[in-house]
Structure formats: structure tokens, C-alpha cells
Amino acid sequence: MSAQGTTIKSKEELIAKWSKPEVISGSEILLRSLLLEGAECVFGYPGGAVLYIYDAMHGFDDFKHLLTRHEQGAIHAADGYARSTGKVGVCIATSGPGATNLVTGIATAYMDSVPLVVITGNVATHLIGTDAFQEADIVGITMPITKHSYLVRKAEDLPRIIHEAFHIANSGRKGPVLIDIPKDVSAQKTLFQPISDVQLRGYNPTIQPNKNQLDKMLRAIESAEKPVILAGGGVVYSGAHEELYEFVTKTGIPTTTTLLGLGGFPSGNDLHMGMPGMHGTWTANMAIQSADLLINIGARFDDRVTGKLAGFAPNAKIVHIDIDPAEIGKNVPTDIPIVGDVKAVLQQANALAKPASKADAWRKQIQEWKAAKPYSFIDSDTELKPQWVVSMIHETTHGDAIVTTDVGQHQMWAAQYYPLNKPRSWVTSGGLGTMGFGFPSAIGAQMGNPDRTVVSINGDGGMQMCAQELAICAINNIPVKVVIINNQVLGMVRQWQELIHENRFSHIDLAGSPDFVKLAEAYGVKGYRAANKDDALRVWKEALEHPGPAVVEFVVRRNENVYPMVTQGSTIDQMIMGDAE
């Protein structure tokens with residue numbers, strides 16, 4: 001697996017190398033500053049406004065860059081890198097259409113609190129505001145979907161701006177930071193002086209919790225008879241999976257993990273109830289609706305979790321732990337708000353936590369629900385079921401792969417039938433629900449985790465939004481295993497049209513899609529297809545053993561639905577359980 005640039009030096013080595021003051025260009029300052037921040041691989045696509053930046057890369061062996069085939073592929077790859085490593089993802093695009101092609105990826109990262117530094121070129125400063133060729137106000141366009149933005153006016157400001165951007169992106173509630181660099185600024189020459197400190201007036205996220213609020217939560221646990229923990233993406237992003245495990249072990253509270261929280265708590269643990277919400281488990285949803293205490297740890301009470309807000313957790317006292325005070329009370333009224341970093345909060349809580357001693361009967365009830373109503377489907381010996389395919393992938397990878405998904409039915413089946421026990425092993429677009437995300441994000445995950453198996457599970461719709469990135473897998477031998485769950489239809493839209501719109505199917509037919517095996521081979525990637533279990537086991541084994549990238553198309557039943565399902569406007573205990581019931 002390779003990309004431009006072959007060596008990665010430590011920050012200390014780089015500082016020693018550049019200890020002598022030099023007058024260099026803004027572009028060279030940018031590249032050096034990115035390396036000093038630990039940027040291992042930058043994903044990008046060149047153009048006129050960033051020509052000086054790309055010229056500075058020429059012969060710069062310390063700098064690693066991966067040329068994608070579309071700017072959206074670059075930012076989704078940076079996103080997958082960030083989610084799977086916990087580091088800041090970086091991408092570069094030119095001005096105008098290059099920058100605007102990043103917008104969906106910026107919004108994807110913003111909704112899911114993913115740390116990115118997004119670098120765009122712009123027209124020269126004297127042309128800004130004149131509608132020059134390939135000019136776009138990307139700072140203005142992206143202001144609602146970035147954590148912070150910079151328009152760089154002087155090359156001498158670049159070391160400070162880069163250092164601040166990485167700090168802002170990866171602290172507090174994480175998110176994307178945009179740096180817009182006019183072409184003349186990237187060419188300006190100035191003295192390069194690395195920056196090592198950050199002084200941001202007015203930006204000081206609360207890390208440590210209020211002790212009084214923490215005491216209130218601990219007292220509530222002692223008196224609760226039906227406590228539930230709702231663990232979200234904040235557990236993963238703060239690196240608090242071990243602290244959560246300790247907290248659950250000490251208190252004995254049954255725990256459910258949201259779509260973005262999957263992997264933050266071991267799925268095989270007796271106290272884990274699975275995922276809640278629209279396509280969550282019977283146990284998780286019934287537990288939330290029956291709870292007398294609901295402790296939200298790093299989740300945002302998204303509508304796909306809560307269902308009808310007026311009927312959500314009707315009997316529960318609500319505790320909400322979050323790094324972002326704006327999230328607390330935004331959707332669900334909160335009785336005990338705790339602002340702080342999840343890891344820091346749980347570390348303090350674990351020092352004082354006691355068992356939920358009144359919840360013995362409750363824990364017994366949870367086990368009975370889990371045994372009575374697990375995820376289930378009606379299997380077939382004559383056609384492939386997508387649930388079986390995902391279960392087979394889980395079994396053959398021993399649950400140890402990094403799994404990325406696109407958006408749709410396959411995403412939910414992957415969440416249901418690929419149980420996870422490790423954090424940062426699950427990469428999916430939760431908040432924005434971005435089709436075309438799954439495969440490019442897997443490229444970034446593989447670049448950040450070269451020693452792990454990365455499996456990208458996609459639908460036949462979303463795969464066609466990003467298939468061009470197969471080229472970079474072939475050229476750079478990036479060994480992502482690309483799964484296509486092909487039902488020849490926009491499956492989730494079809495499901496809603498069946499169940500909610502009385503079988504009025506409108507514009508969902510994907511017949512006429514390419515032969516995915518031939519498409520893969522056209523890019524120089526091994527392609528496989530299976531339509532029955534024997535072939536599925538055989539070709540998947542071959543794909544896993546193949547040392548390079550591979551595409552495996554599983555032809556599945558067209559009309560399969562994702563169950564359980566909670567329709568919009570319903571409370572989460574009003575589940576459609578599906579064909580298996």
C-alpha cells in the first residue's frame with residue numbers, strides 16, 4: 001500500500017530538521033505545518049488555485065498525499081481516516097467547483113462530530129469578490145457546517161492557523177475546520193517559524209464535570225429500579241470505552257449503544273442490549289420506554305433514536321452527559337445535566353460508583369427480553385438474504401474487521417448483524433446519511449490502519465456514487481474488501497414506499513446498473529459475484545485471501561425489509577417486527 005511520500009518522521013525529527021530559520025513559500029509552510037501536526041496522509045485533488053501547494057509537494061518525500069478521483073472521495077477518505085484512528089483527517093481541493101465538491105463531506109463530518117482540517121485554494125486576494133474564474137465564497141457557503149473557518153491573508157499566519165485548526169478540530173466537540181488559502185498567499189515567501197502553543201480567547205471547552213451534578217447522578221443510580229445507559233458516539237470519540245466498561249461493570253446498568261456508539265461497549269457483554277431506535281432491538285427500545293432512570297452518555301437524542309419525542313422514555317429521570325452544553329436539553333428535557341468530556345466524567349464517576357442494587361429484577365427482565373426477541377429473519381436455501389451475508393462476513397472476519405458502510409438498508413443490516421467489541425471499528429454516516437460515503441471512507445480507514453482488515457459494505461445505489469475511487473485502490477494496492485449488497489433497487493426508499501405509502505413504488509428501480517465484476521476488473525481490481533450460499537462462502541474466502549483490493553457483489557432478494565422498524569410519528573415501543581414474527 002503506497003501513496004506519494006514514503007517516510008513518516010517524528011515531530012522531533014522534523015523540528016530538528018527545520019530548526020534553522022528559512023524564508024520559504026506559503027505552500028512549503030503549509031506542508032511543513034501539516035507534518036508537524038502529525039498529518040500522516042493527506043487526500044486531495046489539484047487545480048489552478050492550489051498549483052503552488054502541489055508544486056511544493058514535488059520531491060517532498062516526507063509528505064504523503066493520495067490523489068483521489070473526486071474531491072468528495074478525498075473528504076470521505078479523510079473522514080474515514082479520522083473516525084478509525086482518532087486523529088485529524090486532512091484533505092485539499094482547489095477553488096470554485098473543487099471546494100464546493102467538498103460541501104457534502106464537510107456536512108457529513110459536522111453532523112457526526114468528526115475532526116477534519118479541510119484546505120481549499122481560492123483566487124488571488126485582489127480577485128476575491130470579482131466573480132473571477134473558479135471563485136466561490138467557500139467560507140460563506142460552509143459557515144453553518146464548520147466548527148470554525150479561516151481565510152488566510154498572509155503567509156506568515158499559516159503556522160498559527162494550521163496549529164489552531166488542528167486544536168479546534170480535535171478538542172471539545174470535534175468537527176471540521178476550513179482553511180481557505182488564496183493563490184497569491186500560497187506563493188508568498190516569509191520566514192518559517194513553527195508554532196507550538198495555542199491561545200484562543202473565548203474557546204475553552206469544559207472537560208471536568210461539576211461535582212454536585214455528578215453526585216446527583218450517583219444518588220439517582222442508587223435509588224433507581226430500572227436504570228438504562230444510552231451510550232453514543234461521544235464514548236468512542238473521547239476514547240472512553242474502557243471507562244464505560246468499568247462504569248457498567250460497577251453499576252450493573254443495562255446499556256444500549258447508538259448507531260455511532262457501536263463498538264464503544266462490547267456487544268457480547270450480558271448487559272449490552274444492542275442498538276436503540278428506528279431499527280433497534282426490541283430489548284433496547286422496551287428498556288428505554290420502561291426505564292425510571294436514563295443516563296445519556298455522549299449521544300444527542302437524535303430523532304432516529306427517540307421516535308416521537310412526546311412519548312420518549314416517559315417514566316425516566318434523564319441524565320445527559322455531553323461535552324457540548326448546547327446539546328443538553330435541546331431535544332429531551334434533562335433533569336441532571338453534566339457538561340464535560342465523557343472520559344473525564346466517567347473517570348470521576350468510577351471512583352465513587354456503586355451498584356444499582358435495586359435493579360436485580362430489572363436485569364432479569366432484560367435477559368428475558370433478549371432471549372425472547374433477538375434480531376431475526378427468515379432465511380432461504382434458494383436465494384441470498386442480506387442478513388445472512390453480513391453474519392457470514394462477521395463470522396469469517398471473527399468480528400475484528402473495521403467495517404465501513406454506505407447508507408440505506410445494508411447499513412442497518414450491518415449494524416444489526418455485525419456485532420462489534422472494539423471502538424473505532426465502525427465507520428458510517430449517521431447524522432447526514434450520506435450515500436457515496438462508504439467506499440471512500442474505507443480507503444481512509446485502510447490508510448490509517450494498514451495492518452487491519454477493512455470491509456466496506458455498500459448498496460448498489462451508493463456504490464455508483466463513488467466507484468471511480470476503485471482506481472486508487474488498484475494503483476496504490478489498498479486492500480479494501482468492497483461488498484456490494486445488490487438488490488437492484490433503492491431498498492430503504494422502497495421499504496418506506498411499501499409500508500407507509502401503500503406500495504406506491506416511485507423511481508426506485510436500479511435495473512440497468514453496471515456489471516460490478518466487470519467494473520472492478522476495468523479498474524484493475526479483482527471482482528467476484530455470488531447469488532447463493534455456496535458461491536458466497538467460496539468467493540468471500542477468495543476475496544479475503546487475496547492480498548489486494550477486491551469487490552464482491554452479493555445478489556440478494558429484492559424485496560427484503562429491515563426489521564424491527566419504528567415508523568415516523570410512533571414511539572419506539574411501537575415496533576413493526578416483520579416477517580419473522
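Predicted model: local features only at pLDDT ≥ 70, side-chain atom pairs only at ≥ 80, totals over all residues.
Biologist: What percentage of the residues count as buried, and which residues touch the most other members of the largest nonpolar core?

Modeller: Of the 581 residues, 59% count as buried. In soluble globular proteins, nonpolar side chains tend to be buried together. The largest nonpolar core here has 55 residues, and those touching the most other members are M217, L294, I295 and I297.

Biologist: Is N350 buried or exposed, and which residues is it in contact with?

Modeller: N350 belongs to helix α15, residues 342-352. Its relative accessible area is 3%, under the 20% limit, and therefore N350 is buried. Beyond its neighbours within four places in sequence, the contacts of N350 are E243, E246, F247 and K250.

Biologist: Which residues of helix α6 are buried, and which elements are included in what covers them?

Modeller: Helix α6 runs over residues 103-111, and its buried residues include G105, I106, A107, T108 and A109. After α6 comes S113, with a positive phi near 55°. The cover over the buried residues of α6 includes α4 (71-85), β5 (116-122), α7 (138-142) and β7 (176-182).

Biologist: Why does H163 count as buried, and which residues does it touch?

Modeller: H163 lies in helix α8, residues 158-169. Its relative accessibility is 10%, and a residue under 20% is buried, so H163 counts as buried. Leaving out residues up to four places away in sequence, H163 touches E37, I195, S196, D197 and V198.

Biologist: What volume does the second largest pocket have, and which lining residues are the closest to its centre?

Modeller: The space in the second largest pocket amounts to about 410 Å³. Its lining has 21 residues, and the closest to the centre are G274, T281, Y375, Q416 and P419.

Biologist: Which helix gives the most to the lining of that pocket, and how many lining residues are nonpolar, polar and charged?

Modeller: Helix α18, residues 409-417, gives the most to the lining of the second largest pocket, with three residues. By class, the lining is made up of eleven nonpolar, eight polar and two charged residues.

Biologist: Is Q409 buried or exposed, and what distance separates its C-alpha atom from that of I485?

Modeller: Q409 is found in helix α18. Its relative accessibility is 3%, so Q409 counts as buried. Apart from residues up to four places away in sequence, Q409 touches N487, G491, M492, R494, Q495, E560, N561 and V562. Q409 and I485 are 76 residues apart along the chain, and their C-alpha atoms are separated by 9.3 Å.

Biologist: Is H398 buried or exposed, and what is its phi?

Modeller: The loop between α17 (386-396) and β14 (402-405) holds H398. With a relative accessibility of 64%, over the 50% limit, H398 therefore counts as exposed. H398 is a residue other than glycine, yet its phi is positive, near 60°.

Biologist: Where is Q488, and what is its phi?

Modeller: Q488 sits in the loop between β17 (481-486) and α21 (491-499). Because its relative accessible area is 36%, Q488 is partly exposed. Although Q488 is not a glycine, its phi is positive, at about 60°.

Biologist: Is the peptide bond from Y563 to P564 cis or trans?

Modeller: P564 is placed in the segment after β19 (550-555). The omega of the bond from Y563 to P564 is near 0°, and the bond is cis.

How values were computed. Residues numbered from 1 in each chain as written. Heavy atoms only, no water. Core = buried A, V, L, I, M, F, W, Y, C linked by side-chain atoms within 4.5 Å. Buried < 20%, exposed > 50% of the residue type's maximum accessible area, 1.4 Å probe, protein only. 1 Å grid on protein atoms, 1.4 Å probe; cavity = no way out; pocket = protein on both sides within 12 Å on 5 of 7 lines; lining within 4 Å. Points joined across faces, edges and corners; volume = space filled by probe spheres on them. Helix = DSSP H or I, 4+ residues; strand = E, 2+ residues; numbered from the N terminus. Nonpolar A, V, L, I, M, F, W, Y, C, P; charged D, E, K, R; others polar. Contact = heavy atoms within 4.5 Å.
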